[in-house]
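Please look over the sequence and the model before reading on.

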Amino acid sequence: MNSWREQGNLRLRLVLFIGLFLFPFLFIYYGCKGEEKGVTEITFWGMGAEGEKIQALLPEFYRRHPEIKVRVQMVPWTAAQEKLISAFVADNTPDLCQLGNTWVPQFVLLDALEPLEGYISKSAVVKQSNYFKGIWNTNEVGGKIYGIPWYIDTRLMYYRKDIFKKAGYELPPKTWDELLDLSRKIVKLQNDPNKYAIYLPTNEWAPFIIFGIQNGSDLLKNNWTYGNFSGDKFLEAFDFLMKFHKERLSPLGVSQVTNVYQAFEEGYFSIYISGPWNIPDMKKKMNDSTGEKWGTAPLPGKNGYPGASLAGGASLVMFKQSKKKEAAWKFIEFLSEKGTQLAFFGETNNLPAVVSAWDEPGFKKDPFIPAFYEQFQNVVATPKIPEWEQIVSAKLQQYAEYAARGKMTAKEAMQNLDREVNIILEKRRRLLGK
Amino acid sequence: MKKAAYLFLTPALTAIFVFFFIPVIAAFLISFTDFDIYAIGNYSRFQFTGLENYRKLFENDLFWKALVNTFYFVVASGPLSIAISLGAALLLNSKLVRFKGIFRLVYFMPVVTTLVAVSIVWRFIYHPEFGLLNYGLSFLGVEKIDWLGDPNWAMPSIILLSIWKNFGYNMIIFIAGLQNIPEELYEAAQIEGANAFQRFTKITLPMLAPTTIFITIITMIGYFQLFAEPYIMTQGGPLDSTLSIVLYMYQEGFRWWNMGYSSAIAFVLFIIILTGTLLQMWYQRRRTA
């Protein structure tokens with residue numbers, strides 16, 4: 001009796017054990033089977049908030065393309081590059097994804113991206129003439145197009161209208177001299193050692209590069225194989241920006257400003273060079289969405305107005321390893337339509353890449369948008385080499401900090417920077433030399 | 001019999017071999033190559049470069065700065081944190097203290113709290129304008145200090161944070177060590193007329209020696225690998241004053257994809273930690289011999 005029960009127990013356990021062991025495989029089987037007949041499933045990696053907000057656009061796409069299903073995977077921005085490179089090495093990339101347009105050269109170098117000319121020439125939707133010139137250009141590497149602009153950004157000037165007026169400037173500055181003059185006046189006017197004119201933190205490399213470009217510097221020379229930061233043009237621009245730190249027109253450290261919106265509202269600084277992502281928070285913090293107290297303006301220039309700024313934003317790219325490129329391209333076309341672009345702006349506040357979308361009355365109504373339109377007329381791409389991120393966000397920021405804190409002169413800092421940049425570019429020189 | 005033993009060991013050994021030895025050996029080999037983002041895309045674009053990575057490393061000011069910072073951190077916060085752990089353990093082990101459980105829990109809490117959350121709270125504590133620390137110090141007439149923004153104060157701030165975060169763990173181990181000391185020894189010493197200080201130096205410390213060795217080695221190894229605190233609080237700044245070796249290695253490897261170079265950093269760190277551990281073990285053995 002007893003032994004029978006034990007045996008039965010044992011058998012039950014064995015069955016349970018095998019069942020539990022095999023159970024996961026069921027999922028794997030169905031997971032792989034997943035696709036229904038006649039439906040192509042494509043994978044899209046969306047970064048940050050975009051990965052979530054893109055869901056709202058899908059119903060319309062399905063209505064028009066019932067034969068395609070899009071699986072959206074959200075990837076946080078901070079981990080995106082690492083994940084994409086790992087996926088590439090593991091032969092496991094998505095069919096398409098969004099890519100910060102400064103990352104395009106890196107993935108072209110990996111030979112991970114599909115060139116798109118063939119698709120563009122056949123397309124009725126995607127045309128080069130639909131886009132701002134400087135933006136389109138960021139997707140071109142070695143004469144080939146690898147990405148279609150999805151949404152765009154650039155940096156311009158956020159400024160306090162009320163404080164500018166008090167300092168005697170009805171209109172935002174249009175030249176470097178005006179910018180410096182205005183900053184001095186603001187500091188004098190505020191007469192408070194804890195208040196500054198402009199925020200130029202050394203952990204944001206963009207303004208340094210922007211002013212260098214405005215002054216005609218090529219940043220890197222000899223086919224982007226040597227640093228040219230200690231060259232006259234960049235040095236002059238860098239020295240100009242250092243004046244703001246030396247004359248205490250700009251706060252030195254980064255840690256004082258834990259919240260830029262708060263600081264802007266308090267008049268801790270009146271000018272901030274940054275991108276469109278700030279608009280919603282600025283509106284909220286300033287409690288002003290009509291442009292009474294604050295505004296956006298194109299950057300002042302050295303040679304002409306508006307001065308150049310950086311061509312930023314995200315592009316849509318297809319991966320070479322994808323086996324469903326036709327379906328992926330249809331999705332890119334859908335996302336590039338004017339209507340979709342405007343709908344996406346409504347969801348995310350990301351500025352549309354398609355120029356015709358900017359004529360939409362509902363879009364132009366926002367008082368902070370037109371300045372961006374003006375600025376986009378003069379945006380340029382940064383050098384398209386994979387080492388660029390390291391050069392600017394590690395090295396340039398490092399030496400900008402040394403110079404801003406007076407540990408080095410502007411010239412010493414830039415010479416040291418060039419020395420390090422040349423070490424970083426050593427391999428590029430060797431590969432090009434072959 | 002022996003065969004059977006190896007048979008049972010095989011799964012564990014295979015796992016260790018595949019997930020530990022192979023990666024370590026691979027990393028060691030990679031440290032002699034120029035493996036980087038160019039090579040990830042196309043394996044023909046990497047080559048054996050001998051000791052080139054190590055040469056570059058030793059010529060790089062940033063590496064030396066990171067090394068000095070790391071030693072500063074280990075030397076300053078290692079002994080301090082062990083002393084504080086021991087002090088806390090002695091207090092909590094005293095018969096006079098009530099609610100021991102609660103205090104143990106409170107002191108141990110930072111150890112099990114996520115570092116990211118802790119760091120964010122501490123960033124507010126350290127804020128120069130609105131921070132709790134400067135507010136407290138203002139009553140003593142101390143001028144505002146920009147804790148994380150001043151190159152001279154950033155590392156001490158990190159040290160303070162990490163001591164606060166970690167001392168609870170060592171404290172628990174010390175308490176366990178203290179509880180293993182037989183009560184008779186103290187009674188005997190008391191009868192012989194030894195005072196509290198003598199009882200501490202002649203009984204408690206020697207009896208705790210094995211625990212102390214363990215804690216010293218574990219703490220040193222852990223502190224040499226300083227990473228998350230500066231990574232979250234300062235990103236290595238200001239003026240690279242909180243850049244640690246591991247943070248430097250991470251940036252080179254996973255932000256700039258210079259895998260060869262960053263493997264070389266890893267092995268230099270390995271040698272340093274190994275030397276430190278061997279020195280301590282040699283010192284302890286000599287003392288007990």
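Predicted model: local features only at pLDDT ≥ 70, side-chain atom pairs only at ≥ 80, totals over all residues.

Residues are numbered from 1 along each chain as its sequence is written, while chains are lettered from A and ligands numbered from 1 in the order in which they are written.

**Residue I209(A)**
- I209(A) sits in helix α10 of chain A, residues 206–214. Helices are DSSP runs of H or I with at least four residues, strands are runs of E with at least two, and both are numbered from the N terminus.
- I209(A) is buried, because 24 other C-beta atoms lie within 10 Å. The cut-offs are 20 or more for buried, 12 or fewer for exposed, and partly exposed in between, with C-beta atoms placed from the backbone.
- Beyond its neighbours within four places in sequence, I209(A) contacts L219(A), L310(A), T382(A) and V392(A). Contact means that C-beta atoms, placed from the backbone, lie within 7 Å.
- F238(A) is 29 residues from I209(A) in sequence, and their C-alpha atoms are 8.7 Å apart.

**The sheet in chain A**
- An open, mixed sheet of 6 strands runs β2-β1-β3-β14-β6-β15. Strands pair if DSSP finds at least two bridges between them.
- β2 (68–75) and β15 (351–352) of chain A are at the edges. Each has a single partner strand, so one side of each lacks a neighbour in the sheet.
- β6 of chain A (residues 148–153) pairs with β15(A) in the antiparallel sense over 2 bridges. Y151(A) stands opposite P352(A) in β15(A).

**Helices α1 and α13 in chain B**
- α1(B), residues 2–30, packs on α13(B), residues 259–288, at about 115°, with axes 8 Å apart. Axes are lines fitted to C-alpha atoms, for helices over the stretch in contact, and angles run from 0 to 180 degrees between N-to-C directions.
- From α1(B), the contact uses A27(B), F28(B) and I30(B). From α13(B) come M259(B), G260(B), S263(B), A266(B) and F267(B).
- By class, this contact of α1(B) with α13(B) has 6 nonpolar, 2 polar and no charged residues. Ala, Val, Leu, Ile, Met, Phe, Trp, Tyr, Cys and Pro count as nonpolar, Asp, Glu, Lys and Arg as charged, and the others, Gly among them, as polar.

**Between the chains**
- The contact takes 21 residues from chain B and 22 residues from chain A.
- On the side of chain B that touches chain A, α2 (37–41) and α12 (245–255) of chain B each supply at least two residues. The largest share, 4 residues, comes from α2(B).
- That side of chain B has 9 nonpolar, 6 polar and 6 charged residues.

How values were computed
Contact = placed C-beta atoms within 7 Å.
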